[in-house]
Amino acid sequence: MSQPVELPDQIYVGPVIDEGHSLASVSDKVGGIVLKRKTTLGWVFGLIVAFGLLQALMASATWLLIKGVGVWGINIPVGWGFAIINFVWWIGIGHAGTLISAILLLLNQSWRNAINRFAEAMTLFAVMCAGMFPVLHTGRPWLAYWLLPYPNTMALWPQFRSPLLWDVFAVTTYLTISAVFWFVGLIPDLATLRDSTRKPWQQKVFGMLSMGWRGSARHWQRYEKASLLLAGMATPLVVSVHTVVSFDFAVSMIPGWHTTIFPPYFVAGAIYSGFAMVLTLMIPVRKFYGLEDIITMRHLNNMAKVTLATALIVGYGYIMEAFFGYFSADVYERFMVWNRMTGPYAVFYYTLIFCNIITPQFLWAKRIRTSPGILWIISIIVNIGMWLERFVIVVTSLHRDFLPSSWGMYAPTIWDFGVFFGTIGLFLFLIFLFVRALPMITIFELRMLLPGARVKEPVAQ
Amino acid sequence: MSELNPSLNLESIRTKLDKAKGATYWRSLDELAAGDGFKEFLHREFPRQASEWIDDEGRRNFLKIMGASLALAGLSACTKQPTEFIMPYVDAPEQALPGKPLFYATAFPVRGIANPVLIEAHEFRPTKVEGNPEHPASMGSADVPTQASILGLYDPDRQQTVDFIGEVRSYASFLSNLIGILEKQRAKTGSGIRLLTETVTSPSLYAQIQEVLKLYPGAKWYQWEPTGHGSRMGAQLAYGQFLNTVYKFDQADVILSIDSNFLANGPGGVRYARDWAEKRSVRGGKKTQSRFYAVETTPTSTGSKADHRHGIQPSHVEGFARNLAAVLSGGTPSAATPPPPAAQKFFNALAKDLLANKGKSIVIAGEDQSPEVHALVHFINQTLGNIGTTVMLTASLEAKPVDQWADLNALLADLHSGQVDLLMILGGNPAFNAPHELNLRGALQMAKMRVRLGSHEDETSEVCQWNLPEAHTYEYWSDAPAYDGTISIIQPLIAPLYGGKSPHDLLAAFTETPELSSYQVVRQYWTAKHTGADFETFWRHAIHDGYVKGSALPAVTATAKLIAAGATSSDTSGLELSFHSDPYILDGRYSNNAWLQELPRPISRLTWDNAVILSEKTAADLGVKDEDKVSITHNGMTVHGAVWRVPGQPDGVAGLTLGFGRTRSGRAGNGAGFNVYPLRSASNPYFGQGAKVTKLGDTFKLAAVQHHFQMEGRDPVRTGSLDEFKQDPYFAQRKSETPNTGLTILPTTFKYEGYAWGMAIDLTSCTGCNACVVACQSENNIAVVGKEQVLNTREMHWIRIDRYYSGPADNPETYFQPVACVQCEDAPCEIVCPVAATETDSEGLNNMVYNRCVGTRYCSNNCPYKVRRFNFLLYTDWESESLKLQRNPDVTVRSRGVMEKCSYCVQRINYAKISAEKDDRKVRDGEIVPACAATCPSQAIMFGDLNDPKSRVSQWKADSLNYSLLGELNTRPRTTYLTDIRNPNPELKEL
């Protein structure tokens with residue numbers, strides 16, 4: 001039962017952790033990045049670049065708050081632009097982390113152990129970036145708290161039929177669960193760091209953060225239980241959050257939005273873009289920190305496979321969208337599909353098809369799945385493609401809807417880009433801080449992967 | 001402030017009121033102005049800050065007293081404070097209740113022709129223009145410039161001071177300067193005095209001018225306006241005398257418009273639109289329509305309503321009219337100007353139709369057409385026996401009709417001879433709009449003293465030494481005739497905001513009685529004119545009603561002669577130019593009115609600019625497309641403009657709009673569009689031939705509000721011919737599937753039990769004139785956003801007139817459709833708003849709660865009609881003090897970040913409901929009229945209670961032509977449309 005299964009060569013790409021690691025060596029390796037490793041010039045440089053981009057967010061958001069959302073390119077009929085595109089994109093990116101940490105945990109996919117911490121951090125930061133947009137995009141952001149159901153002197157509840165309100169619940173729940181899950185998972189590792197470091201201030205900080213973790217059997221038992229519970233709670237979120245986000249569109253009546261396929265299609269897209277983003281971040285991090293022996297080809301290979309699978313679902317979604325547009329025999333639906341393919345924004349549609357359907361087909365080849373450089377480029381193309389997908393959904397549906405007289409065009413302004421790149425800055429800034437200050441890989445779970453550790457399931461599967 | 005003694009003023013008011021016989025007419029402001037006390041009281045009491053701030057003297061006093069009170073503050077402890085009275089409304093003037101608007105009848109003359117109006121005044125502050133329902137020229141409606149006139153009153157760029165060569169002076173110093181000049185002139189019988197006015201129609205002003213000319217026999221009076229020569233001189237050509245023409249479109253079965261925009265502009269446009277629509281609409285089982293042909297050199301909204309429209313080169317218009325005259329009088333078309341083969345069929349069918357409807361047809365020529373065309377049209381109408389039945393001739397409306405070109409040349413000759421010592425320019429803007437080849441601008445400076453009374457510091461002010469602020473029409477007394485000669489006494493609504501002077505004031509300064517006010521001038525004139533017994537009653541009736549009953553000019557008879565063919569030039573080397581005044585800013589006089597600048601032109605849908613209108617083919621021949629800049633060279637002058645292609649524009653003709661390209665107009669008018677006047681030659685100001693149009697290579701952004709003109713097989717506008725309608729009255733409703741209201745998981749169970757407000761819009765009647773858009777803007781405090789924002793499709797108009805084409809691109813059918821919020825019962829906007837800021841109420845109004853809106857714009861995205869408007873930035877002008885006075889106090893002024901949309905004028909609905917409740921009755925049908933419906937000249941909009949089966953709107957909706965826009969979406973809109981029915985000539989079916 002616990003015998004490793006021999007895989008044929010075409011499929012097998014290596015172990016989840018390279019030979020030669022011991023319990024101590026993984027702790028030293030991962031903990032050492034935080035505790036011993038000198039702050040490199042490359043890290044400082046990266047942090048400065050990210051911080052610079054973050055300033056673009058500050059400047060753009062300040063100008064936005066001073067002048068109003070009119071500084072963006074939105075108009076009537078295209079009332080939503082970059083803000084909502086970015087919101088959906090960031091939320092989607094977050095989904096990989098939750099999938100890896102929750103669903104793969106429940107499915108006992110132990111290869112996830114090396115990447116789940118990083119992916120969860122990514123989720124958290126992506127949701128932070130995403131969460132800013134719904135507030136910033138309102139005309140009167142200082143009143144955005146009216147979307148929260150709180151007792152007030154106006155004796156008014158929010159309007160519960162609105163998907164935007166569901167968004168508020170979905171995103172806040174998502175943020176809370178992700179943060180708690182991430183932090184609970186950190187506790188044993190923080191204790192390891194507390195015990196390893198010699199610097200008193202680090203001992204104090206890690207000591208406080210590890211909340212008195214001593215590693216007793218009772219602690220572990222409770223930890224496992226909490227993990228499972230949180231994983232159980234987070235699992236439906238993987239499906240529900242992006243389903244609710246898709247309702248923003250699907251519940252409306254605009255051709256191109258009003259589509260029942262949106263929930264599964266959005267969830268698949270979210271996981272697709274999330275895995276692509278994990279690859280985008282993981283490949284360089286793995287290289288710079290010399291973690292090739294911990295985040296192995298096996299991981300890249302598995303992630304590439306998930307990416308390919310979700311790409312196929314998304315591709316199916318595109319085909320069905322076009323087919324139903326035709327099959328509905330509805331003049332508005334048909335026109336919407338036609339307009340996407342031949343209208344003024346057709347170039348974005350075809351770029352999206354190229355990025356999201358054509359490019360991932362390379363992942364059928366094992367050689368490509370195991371070449372980090374190519375994989376990295378593909379992952380970036382997929383990220384761009386998924387951003388374009390949201391652009392196509394938001395803009396091409398709105399700009400030509402029912403009455404030809406109100407058709408219009410949308411073009412972003414410098415402030416649209418400012419906020420978008422600004423959130424990328426925020427995201428990268430947080431990632432840089434994270435890899436420097438916290439163990440980016442779950443040390444204790446990594447130990448479980450070692451041949452010497454008692455593991456429930458065969459290591460290589 | 002010593003002059004503010006409220007008790008004294010109140011006393012005088014009370015005595016005035018006591019003396020008044022009956023309370024009926026006192027409120028018509030005559031006494032108010034008669035008694036200085038009351039005037040002062042009004043002025044001081046209500047717009048207190050405004051008057052203090054703007055009135056130069058008052059402000060100085062205020063500062064003085066402020067300074068003094070600061071200095072004396074320390075002494076106040078040992079000084080007895082003066083007794084001051086707070087003025088409560090215990091002694092309120094009758095009916096002046098705060099919050100309750102009063103309506104005053106007056107008139108707004110556009111190019112001398114009175115547009116009778118009622119002005120809504122809140123606490124004596126005019127805020128809104130309505131048509132005067134009792135006046136035959138208005139019947140409750142008002143056209144675009146009249147609706148926008150209220151913004152003209154509060155225009156912050158108006159001339160506010162008396163200037164002498166750039167220095168601020170007092171009016172008294174001007175008068176002393178004038179007296180000095182006049183004393184010298186008196187010695188030489190005033191031979192150095194020249195008076196330049198626009199076309200004078202006011203009888204009392206004319207009497208004043210006569211008086212001045214009597215005092216100074218050597219003085220000369222000239223009139224000049226850049227447009228309107230054609231109709232004036234056309235009558236002179238045809239009849240040998242100046243006559244005015246009045247049309248009766250409700251009597252006409254066949255109408256031919258030769259480049260006329262009679263449904264939108266020109267004298268009587270409002271009444272003509274109503275009469276025309278009455279004959280055209282097929283509501284309530286009516287099965288007849290007039291047939292309407294149009295021949296146009298540039299598409300207009302009027303021509304778009306024609307059953308058959310034919311584009312024609314401007315140089316062919318006269319030949320067309322001449323051929324028509326020949327054929328109708330039994331002759332044959334002239335061989336020299338045969339109609340082109342494509343037009344032959346149109347021409348024959350038209351001639352046949354006209355001959356078959358003798359005495360029941362109208363042929364009307366456009367304002368901007370030449371005298372020859374007008375003369376021919378007079379002859380045609382006479383040949384058809386229309387004179388006296390559908391076309392009435394009356395004496396001219398002008399006080400003294402003259403050939404204004406001759407006047408202009410005489411003035412130029414006088415100026416060049418150096419004999420002009422004093423040139424008085426009353427209104428107008430001759431330095432801008434006279435033909436540039438005459439260089440009037442340069443010649444003006446040859447007058448030794450140039451005095452200008454102008455509303456703005458404009459191109460003409462620039463070359464004058466004395467610039468006096470002209471009072472707005474709503475600030476002084478005057479009189480003017482309507483299109484049929486009915487006289488309106490124009491009463492002021494407010495004391496001059498900027499100390500403006502009226503032409504009456506200025507002319508009085510020339511006479512023995514320089515201190516006469518405009519009120520005294522007008523009243524004295526009518527006292528002398530009045531023949532009946534009781535002048536006071538006559539006067540009060542005239543002012544209260546807004547017009548003098550029975551003062552319409554009687555019909556006269558005259559015989560038109562067929563004018564001989566003149567020399568026709570046939571320069572076919574280049575493009576032809578067709579000149580038209582803009583339908584909104586006219587010849588440029590309202591160029592600084594931001595409402596008018598931002599109002600989309602009916603056909604081009606452009607705002608803030610004019611353009612070189614070309615046909616698709618001509619543009620292709622020239623290698624230009626939309627927004628390409630071109631240079632137009634004609635008459636030795638070159639101007640640069642941007643191209644805009646318009647379907648239906650005749651090939652080889654560039655349509656050009658006058659009035660744009662002002663350089664000294666104000667914040668709205670400066671730099672808007674390009675100036676066409678240089679291209680207009682003095683020898684032929686009606687059109688141009690042989691113009692060279694060359695592509696410049698760069699582009700110029702034009703701000704259009706509609707970018708897509710085809711219906712894409714969606715039938716937002718349903719149309720059909722009269723024959724189709726006769727065969728199957730329900731043909732339009734069969735055009736789409738009826739939504740199954742049961743197919744929903746959330747069936748609407750709500751019953752609208754009280755009132756159920758609804759609206760119906762008759763597309764057959766709608767002429768696309770845009771008056772509703774301005775009326776809505778005025779009523780609902782809708783902000784102007786500027787060209788940059790329009791370019792990003794962020795205009796704020798709550799109602800828009802969609803314009804669609806169908807048929808061949810070179811001569812399409814054009815349809816208009818006003819679209820505002822249709823107030824869906826199942827509103828898509830409503831369910832997506834996260835904060836419940838838009839909700840349907842128990843009467844079916846989809847209410848927008850501004851205070852609750854956080855601005856997610858989700859509602860707008862989900863609105864299939866895209867009628868919601870968002871304050872992307874702070875669009876409302878919070879800075880200009882004068883604009884604050886204009887706003888309707890019953891409507892929230894929206895700030896940034898808030899969605900807004902049509903509310904069916906909910907403030908009017910509630911006003912009526914409150915009044916009804918007080919009387920313990922239901923709101924009567926017709927008691928609530930939204931601003932758009934009230935002003936609609938063709939009465940295409942009907943509003944009322946759908947729960948009342950007898951209400952007119954219920955009857956409209958019961959009509960077989962009624963359909964819902966996008967009804968298949970099951971939004972259950974409360975606004976529905978009545979199919980556009982046209983009456984094409986069966987002989988021209990395949991055209």
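Two residues are in contact if their C-beta atoms, placed from the backbone, lie within 7 Å. The structure described here is a predicted model.

**Chain B as a whole**
- Of the 991 residues in chain B, 58% are buried.
- Among the contacts in chain B with a separation of 6 or more, 74% are between residues 24 or more positions apart.

**An open sheet in chain B**
- Seven strands of chain B form an open sheet with mixed pairing, in the order E5-E4-E16-E15-E14-E6-E7.
- Strand E5 (167-169) and strand E7 (220-223) of chain B each have a single partner strand and stand at the edges, so one side of each has no neighbour in the sheet.
- From one strand to the next, the twist averages 20°.
- Within this sheet, strand E4 (residues 162-164) and strand E16 (residues 466-469) of chain B run antiparallel and are joined by 2 bridges.
- In this pair of strands, B:Asp163 stands opposite B:Asn467 in E16(B).

**A helix across the sheet**
- Helix H16 (residues 404-417) of chain B lies across strands E6 (193-197) and E7 of chain B.
- The direction of helix H16 is at about 130° to E7(B).

**The largest nonpolar core**
- The largest nonpolar core contains 407 residues.
- The residues with the most contacts inside this core are A:Val278, B:Val612 and B:Ala654.
- Leaving aside residues up to four places away in sequence, A:Val278 touches A:Ala96, A:Ile115, A:Ala119, A:Met122 and A:Met303.

How values were computed
Residues are numbered from 1 along each chain as its sequence is written. Chains are lettered from A and ligands numbered from 1 in the order in which they are written. This is a predicted model: local features need pLDDT of at least 70, side-chain atom pairs count only at pLDDT 80 or more; totals for chains, interfaces and linings use all residues. Two strands pair if DSSP finds at least two bridges between them. Helices (H or I, at least four residues) and strands (E, at least two) are DSSP runs, numbered from the N terminus. Axes are lines fitted to C-alpha atoms, for helices over the stretch in contact, and angles run from 0 to 180 degrees between N-to-C directions. A residue is buried if 20 or more other C-beta atoms lie within 10 Å of its own, exposed if 12 or fewer, and partly exposed in between; C-beta atoms are placed from the backbone. A nonpolar core is a set of buried Ala, Val, Leu, Ile, Met, Phe, Trp, Tyr and Cys residues joined through C-beta atoms within 7 Å.
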